[in-house]
Amino acid sequence: MTNTDQSFDHLDIINAVLGLAYNFESYPNHLFKAGYKLSRIEPIIGVPDSINPDILFMSENMGLFAECKGGKFKTGSNLSRYDSIQVRH
Amino acid sequence: MIKSRSELHKQMERTIDANLRSLEEHGEYSEYNVKTNIIESNCNIDKIPLTFDGYHIEIKPTDDKFLFGLIVRKNSQRFVLYIDTFFDRYWKLYNMENSETIDKFMDKFTNLLLLDSLWMPHQMLDNIESTLVNVGFSIKFKQEIFDEDELGEDDISQLTMRLWSRGTKPSKNLFKLLHENNYPSTKTSTRVLNIDDNNVKFLDEVFFDGKITVNKGTDIEEHIRFVDKIIDDYSDKMKEIENNRMSLTKSACGQVVGGSPFEIKFSKNYDIYHLAEKIINSTHPFKLWGVIHDQTDDFLRIAGVDVHTGDKFSMDLMQKYGRLYLPENACGNMVFRLYTNIQHYLDPGVMIFDEHGSVF
């Protein structure tokens, strides 16, 4: 058995957030409890000024985007771009 | 040498008849019991190595394209098995040889790359019992992960027992007693009777590793049907597990994740470093190799390889939980092997779940 250096990267963050929507005791499964299911990874949503969410969760009547950032990213400017998403029924 | 399936069935039938008569007249068997070993195969028969661990195998075809004779030699020993490859992934090996000789051979044979034994957790043995008359069981629990001086005062390091009874009550009562008092209640084998109008069709002992011994019988076809039913049930469970392997597929709207991890829930907290050291050291019985690539005080992440097939897997270990991530093409038998061996060698009370609930 060999130990390698600890690595914690973007993929780990995505995995951790994905875990929130799985029905397992060993995960903090708050999104699952709130009725969300994983819909897409890197969803393609065709919005101008390209927003690139990492994950789309869906519940019966709600969608929840997740952008996973590590380090010193500033997320504020990105948030407003999501307002341009229009949902059609 | 047997040339056809009907000849094989006749010889097995003769053996069980002879043993039945001998039991009635002398109270003991006159010949070695008929035994069937179910194994899991991920290759064709022509890919089996013909020499390993001192054994030399000769494969003899028969008139039946799925049935082969296996002449095995080791030093001065020579014995014969018949291998039925009709079910592509689950082969049946019939024999009427000394049990100890065959057990030693099967141990090495199923350790070859792309071959594996079955690993039936005790829940599967319980299911087998549920449709027949259960007249005994055996338990062979041995704590292999922790040494005796690492165990608590209430922990059990070893429990071996065997109960054979005429009726079903003693077996059920003793098992209930063990279970209620937190003794290791992982069955190594179960003894089942198929009886119809006082006519014993068979009395078989089914072991967790896929070995089935005919202790008594009047109709070999009934035994074969019983074996096939075990294969069907195992195969159905395998499909469920393999449908749950994790995958990522591209769609027009992004990428879709399929499957989910398997969650192992221990009945108590364990030292995860010690646990990992034993589980991923590539040796029997887990047959898994891995490296720890992330760790905190109470969390380990393992990147591993299933030594049985060479498939990759990932595993998280926590004091109370484990999570197993099987990629798209990995062999599902790893779930059976890992879970069953944890039951037999660490924690009889362990449970395993997928997203929909308990797997077994």
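Predicted model: local features only at pLDDT ≥ 70, side-chain atom pairs only at ≥ 80, totals over all residues.

Guide: Two strands are taken to pair if DSSP finds at least two bridges between them.

Strand E10(B) and strand E11 (residues 199-207) of chain B pair in the antiparallel sense over eight bridges. The two strands form a hairpin with two residues between them. In that turn, B:Asp197 has a positive phi of about 50°. B:Asp196 stands opposite B:Asn199 in E11(B).

E10(B) also pairs with strand E8 (residues 133-142) of chain B, in the antiparallel sense and over five bridges. Within this pairing, B:Leu193 of E10(B) is the bridge partner of B:Val133. As for burial, a residue counts as buried under 20% relative accessible area.

Elsewhere in chain B, seven strands form an open sheet with antiparallel pairing, in the order E16-E17-E18-E19-E15-E20-E21. Its edge strands are E16 (288-296) and E21 (357-358) of chain B, each of which pairs on one side only. Inside this order, strand E15 (residues 262-265) and strand E20 (residues 351-354) of chain B are joined in the antiparallel sense by three bridges. B:Glu263 has B:Phe353 as its bridge partner in E20(B).

The charged contacts come next. Over all chains, the count comes to 28 salt bridges. One of them joins B:Arg5 to B:Asp84, with the closest N and O atoms 2.7 Å apart. This pair links distant parts of the chain, since B:Arg5 lies in helix H1 (residues 5-26) and B:Asp84 in strand E5 (residues 77-84) of chain B, 79 residues apart. B:Arg5 is partly exposed, with a relative accessible area of 22%, whereas B:Asp84 is buried at 2%.

B:Glu222 has a relative accessibility of 14% and counts as buried.

B:Arg301 and B:Asp294 form a further salt bridge, the closest N and O atoms being 4.0 Å apart. Both of these residues are buried. Salt bridges that share partners join A:Asp12, B:Asp294, B:Arg301, B:Asp316 and B:Arg323 into one network.

How values were computed
Residues numbered from 1 in each chain as written. Chains lettered and ligands numbered in written order. Heavy atoms only, no water. Helix = DSSP H or I, 4+ residues; strand = E, 2+ residues; numbered from the N terminus. Salt bridge = Lys/Arg side-chain N within 4 Å of Asp/Glu carboxyl O. Buried < 20%, exposed > 50% of the residue type's maximum accessible area, 1.4 Å probe, protein only.
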